[in-house]
Amino acid sequence: MTEIVIWGGDAYGNPDHKDRAEQLATTYSTIAIGVTQAPRKIASLSTLVFWGHGDIKKFCNLTPDEFLALVSSWKKLNPGIDTVEMLTCNARHKQGGNTDSYTGQVVAKLNTKQSKIRFRGFPLLSTPTGNTCQFSILKWHPTTTTWAYVGASGLNDDVMQNACRVLQVLMPPKGTHMGYVRAHTAMKDLKPLKLKHQLAQKLKYGQEQVDKFNTDLEGIRRDATVMSGTLSMLRWCITDIK
């Protein structure tokens, strides 16, 4: 076993990343364990894959110092560890102008031994107009095992949430595009709605709601960026964190 998937719940202990982590572990031909389980020696282990909630302060409910301490504990028992993958929301982004992102804090705190480990995560996103995104979220669709990584600029996450809502309404039960990959493709091709549009009628939108939808869509085109893929593509979309 060369890698292990470690899932983290939210601040309330809800194991909402457990199922997706276990599915990811299957594609890696390994196992998934909770972040609270003690590190142990595993033959040939070289990669730790963490998947959990993330924001400016915590990832898998761990502060940057706690996260690095856990990585060090695993490394002490498994000297062959040379890669740590971080799958989460917001870790690369400053969330409205904070001094640094979670991953920025992690990199700044690396000691000599830890700096020899390759830390990887989703890319730092920028908008179509060239602005650095301040927020991101990693959405998961269990039925199709597809994901969408959505980022947006601004001092709050309104545009990011608008993009998520559009993706959601394009999928069943109101839309026809199953999974985030198909919904993302449909969103890129989506023209401003009119009252007679099939989607507007399914959603039972009046003119005010159609106008709001179109305004949100315009903002998404300008200030949001979306990546999407299948579970097997997840690893190939992450990059080195420096």
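Predicted model: local features only at pLDDT ≥ 70, side-chain atom pairs only at ≥ 80, totals over all residues.

1. Residues are numbered from 1 along each chain as its sequence is written, and side-chain values use heavy atoms, with hydrogens and water left out.

2. Start with the sheet. Six strands make up an open sheet with mixed pairing, in the order S2-S1-S3-S4-S5-S9. Strands here are DSSP runs of E with at least two residues, helices are runs of H or I with at least four, and both are numbered from the N terminus. Two strands pair if DSSP finds at least two bridges between them. At the edges you'll find S2 (32–34) and S9 (239–240), each pairing on one side only.

3. Now look at S3. Strand S1 (residues 3–8) runs parallel to S3 (residues 47–52), and six bridges join them. Val-5 has Val-49 as its bridge partner in S3, and Ile-6 has Phe-50. S3 also pairs with S4 in the parallel sense, over five bridges; there, Thr-47 is partnered by Thr-83 of S4.

4. Is S3 enclosed or open to the outside? Six of its six residues are buried, so S3 is largely enclosed by the rest of the structure. "Buried" means under 20% relative accessible area, "exposed" means over 50%, and "partly exposed" is in between (1.4 Å probe, protein chains only). Thr-47, Val-49 and Trp-51 are buried on one side of S3, and Leu-48, Phe-50 and Gly-52 on the other.

5. Next, helix H2 (residues 64–77). H2 lies across S1, S2, S3, S4 and S5 (118–121), at about 145 degrees to S3. Axes are lines fitted to C-alpha atoms (for helices, over the stretch in contact), and angles run from 0 to 180 degrees between N-to-C directions.

6. H2 also meets helix H3 (residues 102–109): their axes come within 9 Å and cross at roughly 55 degrees. H2 and H3 are therefore oblique to each other; under 35 degrees counts as roughly parallel, over 145 as roughly antiparallel, 65 to 115 as roughly perpendicular and the rest as oblique. Pro-64, Asp-65, Phe-67 and Leu-68 of H2 are in contact with Tyr-102, Gln-105, Val-106 and Lys-109 of H3, where contact means heavy atoms within 4.5 Å. Within H3, Tyr-102, Thr-103, Gly-104 and Val-106 are buried, and the buried residues of H3 pack against H2, S4 and S5.

7. Compare that with H4 (residues 158–170) and H5 (residues 180–189), which pack at an angle of about 110 degrees with axes 9 Å apart. H4 and H5 are therefore roughly perpendicular to each other. Ala-163, Val-166, Leu-167, Gln-168 and Leu-170 make the contact from H4, and Tyr-180, Ala-183, His-184, Ala-186 and Met-187 from H5.

8. Last, find Asp-240 in strand S9. Asp-240 is partly exposed, with a relative accessible area of 31%. Leaving out residues up to four places away in sequence, Asp-240 touches Arg-118, Phe-119 and Arg-120. The C-alpha atoms of Asp-240 and Ile-42 are separated by 24 Å, and the two residues are 198 residues apart along the chain.
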